[in-house]
Amino acid sequence: MIASKQTVSAYTVHMLDGDVVGMRLTQAQAEGYECLTCKTECGQGLEAFRPVGNIPNVSRVFCCVACLDGVR
Ligand SMILES: [Zn+2]
């Protein structure tokens with residue numbers, strides 16, 4: 001996790017499947033730096049992360065493959 005970006009706020013996330021979900025996320029998660037579920041840092045290995053939605057005026061948000069596979 002990114003220590004300097006752990007401020008938690010409420011965000012409205014527009015999921016790729018069309019759902020609009022209110023979530024409480026850290027700044028790092030909202031800005032697409034960390035997995036939405038486990039807070040693993042997105043970074044070099046971007047292929048291990050998939051976009052799952054976006055927050056208008058903020059960023060796309062990502063989940064790591066491990067979490068996505070765990071969900072399915
Ligand atoms: Zn994850």
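V61 touches V13, Q29, A30, G32, L36, V52, G53, N54 and I55, leaving out residues up to four places away in sequence; touching, or being in contact, means that the C-beta atoms, placed from the backbone, lie within 7 Å. V61 sits in strand β4, and it counts as buried because it has 27 C-beta neighbours inside 10 Å. The cut-offs here are 20 or more other C-beta atoms within 10 Å for buried, 12 or fewer for exposed, and anything in between for partly exposed, again with C-beta atoms placed from the backbone. Keep in mind that this is a predicted model, where local features need pLDDT of at least 70, side-chain atom pairs count only at pLDDT 80 or more, and totals for chains, interfaces and linings use all residues. Residue numbers start from 1 along each chain, following the sequence as written.

**The chain as a whole**

- The protein chain has 2 helices and 4 strands, taken as DSSP runs numbered from the N terminus (helices are H or I with at least four residues, strands are E with at least two).
- Reading from the N terminus, the elements go β-β-α-β-β-α.
- For 72 residues, a compact globule would have a radius of gyration near 11 Å, and the protein chain agrees with its 11 Å; the value is taken over C-alpha atoms, and the globule rule is 2.2 Å times the number of residues to the power 0.38.
- Along its principal axes, the C-alpha trace spans about 30 × 25 × 20 Å.
- Buried residues come to 19% of the 72 residues.
- Of the contacts with a separation of 6 or more, 46% are between residues 24 or more positions apart.

**The sheet**

- The 4 strands make an open sheet in the order β2-β1-β3-β4, with antiparallel pairing; two strands pair if DSSP finds at least two bridges between them.
- β2 (20-26) and β4 (59-64) are the edge strands, each with a single partner, so one side of each has no neighbour in the sheet.
- From one strand to the next, the twist averages 50°, with axes as lines fitted to C-alpha atoms (for helices over the stretch in contact) and angles from 0 to 180 degrees between N-to-C directions.
- As background, strands of a sheet pair through backbone hydrogen bonds, either parallel or antiparallel.
- β1 (residues 8-15) and β3 run antiparallel and are joined by 2 bridges; H14 stands opposite N54 in β3.
- β3 (residues 49-55) pairs with β4 over 6 bridges, also in the antiparallel sense.
- V61 and V21 are 40 residues apart along the chain, and their C-alpha atoms are separated by 12 Å.

**The core**

- The largest nonpolar core has 11 residues: V13, L25, A30, C35, L36, C42, F49, V61, F62, C63 and C64. Such a core is a set of buried Ala, Val, Leu, Ile, Met, Phe, Trp, Tyr and Cys residues joined through C-beta atoms within 7 Å.
- β4 gives the most to this core, with 4 residues.
- C64, one of the core residues, is in contact with C35, C38, T40, A48 and F49 once neighbours within four places in sequence are set aside.

**Backbone spots to check**

- Most residues other than glycine have a negative phi, and most peptide bonds are trans.
- K39 has a positive phi, near 65°, without being a glycine. K39 is in the loop between α1 (27-30) and β3, and it counts as partly exposed because it has 17 C-beta neighbours inside 10 Å.
- N57, also a residue other than glycine, has a positive phi near 70°. It lies in the loop between β3 and β4, where those two strands form a hairpin with 3 residues between them.
- N57 counts as exposed because it has 5 C-beta neighbours inside 10 Å.

Conventions: Contact = placed C-beta atoms within 7 Å.
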